[in-house]
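Colleague: Could you walk me through a model, starting with its rings and then its helices?

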Amino acid sequence: TRLIPNGIPNHRDKAIGSDEQRLAMLAEVTDSATLQVDDREIRRGGVSFMVDTLSSLQADFPHDALCLILGLDAYLGLPEWHCWQTLFELSHVVIATRPGSDVELGAALQAVTTQRLAKTGDELMNARSGKILFTDIPQLDISSTDIRRRRREGLSISYLVPDAVAEFIRKNNLYLS
């Protein structure tokens with residue numbers, strides 16, 4: 001599993017922390033056996049488009065099926081992404097939802113979802129790409145926006161990020177302004 005920090009975002013402001021700081025925070029919570037930090041978007045330079053990242057991963061792992069994991073909020077914005085329908089040619093898409101999430105998909109996203117919906121994870125194993133799987137995650141109300149807000153306001157971020165990341169943020173005076 002690879003954690004790939006966004007290089008230069010296309011749909012929002014550039015990250016507050018430097019590339020090096022964001023990579024270091026990820027390194028604090030990963031181990032090379034199960035999670036790896038992958039800096040390909042930062043190394044590539046320029047605006048980051050997921051279609052380019054997945055193409056790069058396909059080239060590096062030509063015999064593996066890829067799964068792009070998105071939160072529900074990111075999935076809802078998918079039709080605004082560059083070449084978004086091409087993503088399904090390159091990978092499966094797994095959407096992490098909170099239990100009880102009930103949202104209305106726009107027409108284009110609804111059509112793609114209906115066509116590609118997998119009912120179980122096993123269906124992803126039987127296809128190289130193109131499936132969509134919704135999966136519930138534990139209901140934790142954690143957002144990066146809230147973590148940065150809490151930091152600016154001098155509130156604790158304990159239990160919202162791993163201890164090592166909280167310490168890194170504190171030592172480097174991140175998200176104070």
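This is a predicted model: local features need pLDDT of at least 70, side-chain atom pairs count only at pLDDT 80 or more; totals for chains, interfaces and linings use all residues.

Colleague: How many aromatic pairs does the structure hold?

Modeller: A ring pair is described by the distance of the centres and the angle of the planes. On that basis the structure has two aromatic pairs.

Colleague: How far apart in sequence are the parts that tyrosine 75 and phenylalanine 134 tie together?

Modeller: Their rings sit edge-to-face, 5.7 Å centre to centre with 90 degrees between the planes. Helices (H or I, at least four residues) and strands (E, at least two) are DSSP runs, numbered from the N terminus. Tyrosine 75 is in helix 4 (residues 72-76) and phenylalanine 134 in strand 5 (residues 132-136), so the parts they link are 59 residues apart in sequence.

Colleague: Tryptophan 84 and phenylalanine 88: stacked, tilted or edge-to-face?

Modeller: Buried means under 20% relative accessible area, exposed over 50%, partly exposed in between (1.4 Å probe, protein chains only). Tryptophan 84 is buried at 10%, and phenylalanine 88 is buried at 2%. Their ring centres are 6.4 Å apart and the planes are at 80 degrees, so the pair is edge-to-face.

Colleague: Helix 1 and helix 9: roughly parallel or roughly antiparallel?

Modeller: Axes are lines fitted to C-alpha atoms, for helices over the stretch in contact, and angles run from 0 to 180 degrees between N-to-C directions. Helix 1 (residues 19-28) and helix 9 (residues 163-171) pack at about 150 degrees, with axes 8 Å apart. Angles under 35 degrees count as roughly parallel, over 145 as roughly antiparallel, 65 to 115 as roughly perpendicular and the rest as oblique. Helix 1 and helix 9 are therefore roughly antiparallel.

Colleague: Cysteine 83 has a positive phi; is cysteine 83 buried, partly exposed or exposed?

Modeller: Most residues other than glycine have a negative phi. Cysteine 83, not a glycine, has a phi of about 50 degrees, and its place is the loop between helix 4 and helix 5 (87-90). At 40% relative accessibility, cysteine 83 counts as partly exposed.

How values were computed. Residues are numbered from 1 along each chain as its sequence is written. Side-chain values use heavy atoms; hydrogens and water are left out. Rings of Phe, Tyr and Trp (its six-membered ring) pair if their centres lie within 6.5 Å; planes under 30 degrees apart count as stacked, over 60 as edge-to-face and the rest as tilted.
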